[in-house]
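Open the model in your viewer and keep the selection tool at hand. This tour goes stop by stop.

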Amino acid sequence: MAIRKSPTVRCASTSPSVTSSAASWPSREGGGPARPTDQRHNKKQDAMGRKQQGNVGFIGLGTMGREMARNLLEGGFTVHVFDVVPAAIDALVALGAAAAGSPADAAREADIVITMLPDTPQVEDVVLGPAGLLANPPRGRLVVDMSTISPVAVQKMAATLRAAGIQLLDAPVSGGPVGAKNATLSIMVGGEADAFSRARPFFEAMGTTIHHVGASGAGQAVKLCNQLICGINIQAICEALALGRALGVELGQLRQVLLGGSAASWMLDKLGPAMIEGDDSAGFRIDLMLKDLRLVQEQALALSVPLPGTALVTSQYLDARAHGEGSNGNQALFRVYDRMVNQPRSSSNA
């Protein structure tokens, strides 16, 4: 899959730039939802009761990464973990992981290195930086980035690593923190087919819907389409709830009825209760949704694809962040509609 690029792509209306220093990147938190519908696998042990064989270096232990690393441990793999937050490493060590002092340390004995980081600059730094994986490749010479980043950046990194005899897969995930915890993630993978085959046993410890979708960058392309749908779906639910409340409909009943018809969606099922109750607690944060929508719009601009619905929902997430809600869960877009239609919540939900 070829993804055209533009050297002048900018998106000034979205999240600010992120520094790429390996000493400053925060843990990755994120992943949008998806229905796990196929590729069911035994995640713990094989039919003979034997544990999986394999050594994993795992870099990035945020909300998603820590659960994914835990599932690899529970799947019987040896896991060396690294994060810039020492407490995140300690929590995994308590579950049986080995602590690594740097990305290079995590990679040293690894058959595969998995990264789960916030944005493109952090991945580029860990992969291409002077102390990164290009200079310190894993024993198995296979790197898998499971973050959500630029497809164009993935293609460039893959070419650089390929020249050094290292394979790179882009394998972003969908399913959110619940999917990461339950090992039911949807994993969309771009890269070489033989690398996908080598990585598949590791994917099976973390997800239930696993697809090889094309060449380098294709996994990220599919993930951006996923995030576009997620953002607009949340917006549609907010609008339906705002209208229903204004009409005096009991919102819990409204949700149940909608779930039984063509308006049903993962978002309405999983996030609807929180939206109705005014629960803005973080799972997949607004700041991360904005980052993903920025990536969507960068690609759309480079390819001259108009996305007016995405532009609108991006502006609404910007409104949320402008009101100090960037660290809230992405379902908290409902607060934007509360303000627009003057439907304030009770003090306990405000």
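At what angle do helix α4 and helix α5 pack, and how far apart are their axes? Before you select them, a word on the model. It is predicted, so local features need pLDDT of at least 70 and side-chain atom pairs count only at pLDDT 80 or more, while totals for chains, interfaces and linings use all residues. Residues are numbered from 1 along each chain as its sequence is written, and side-chain values use heavy atoms, with hydrogens and water left out.

**Stop 1: two packed helices**

Select residues 120-128 for α4 and residues 151-163 for α5. Helices here are DSSP runs of H or I with at least four residues, strands are runs of E with at least two, and both are numbered from the N terminus. The angle between α4 and α5 is about 5°, and their axes are 11 Å apart. That makes α4 roughly parallel to α5, a term for angles under 35 degrees. The axes are lines fitted to C-alpha atoms, for helices over the stretch in contact, and angles run from 0 to 180 degrees between N-to-C directions.

Now show the side chains. From α4, Thr-120, Val-123, Glu-124, Val-127 and Leu-128 make the contact. From α5 come Ala-153, Met-157, Thr-160 and Leu-161. Contact means heavy atoms within 4.5 Å. By class, this contact has six nonpolar, two polar and one charged residues. Ala, Val, Leu, Ile, Met, Phe, Trp, Tyr, Cys and Pro count as nonpolar, Asp, Glu, Lys and Arg as charged, and the others, Gly among them, as polar.

**Stop 2**

Move to Gly-132, in the loop between α4 and β5 (142-145). Gly-132 counts as buried at 2% relative accessibility. Buried means under 20% relative accessible area, exposed over 50%, and partly exposed in between (1.4 Å probe, protein chains only). Leaving aside neighbours within four places in sequence, Gly-132 is in contact with Asp-125, Val-126 and Val-127.

**Stop 3: the whole chain**

Zoom out. The chain has 14 helices and nine strands. Of its 350 residues, 53% count as buried. Among contacts between residues at least 6 apart in sequence, 72% join residues at least 24 apart.

**Stop 4: the cores**

Which residues touch the most other members of the largest nonpolar core? Select Phe-58, Met-68, Leu-72, Val-144, Met-146 and Phe-203, out of 56 residues in that core. A nonpolar core is a set of buried Ala, Val, Leu, Ile, Met, Phe, Trp, Tyr and Cys residues joined through side-chain atoms within 4.5 Å. Centre on Met-68. Not counting residues up to four places away in sequence, Met-68 touches Phe-58, Met-116, Met-146, Val-173, Ala-180, Leu-185 and Met-206. Another core of 27 residues lies apart from the largest one, and includes Trp-266, Phe-284, Leu-293 and Leu-333.

**Stop 5**

Pick α7, residues 193-203. Ala-195, Phe-196, Ala-199, Phe-202 and Phe-203 are buried there. They cover an arc of only 100° around the axis, which puts them on the same side of α7. The arc is that of the directions from the helix axis to the C-beta atoms.

Go on to α9, residues 251-259. Leu-251, Leu-254 and Arg-255 are buried. Their arc around the axis is only 100°, so they are on the same side of α9. On the other side, Gln-253, Gln-256 and Val-257 are exposed. What covers the buried residues of α9 includes α8 (218-246), α10 (266-270) and α11.

**Stop 6: two loops**

Select Asn-330, in the loop between α13 (308-322) and α14 (334-340). Is Asn-330 buried or exposed? Asn-330 is buried, with a relative accessible area of 4%. Not counting residues up to four places away in sequence, Asn-330 touches Ile-234, Leu-271, Phe-284, Arg-285, Ile-286, Met-289 and Tyr-317.

Follow that list to Arg-285, in the loop between α11 (272-277) and α12 (286-302). Arg-285 counts as buried at 18% relative accessibility.

**Stop 7: positive phi**

End with Ala-183, which has a positive phi of about 60° although it is not a glycine. Ala-183 sits in the loop between α6 (176-182) and β8 (185-190), and counts as buried at 2% relative accessibility. Ser-304 also has a positive phi, of about 55°, without being a glycine. Ser-304 is in the loop between α12 and α13, and counts as exposed at 64%.

Definitions and conventions:
Angles under 35 degrees count as roughly parallel, over 145 as roughly antiparallel, 65 to 115 as roughly perpendicular and the rest as oblique.
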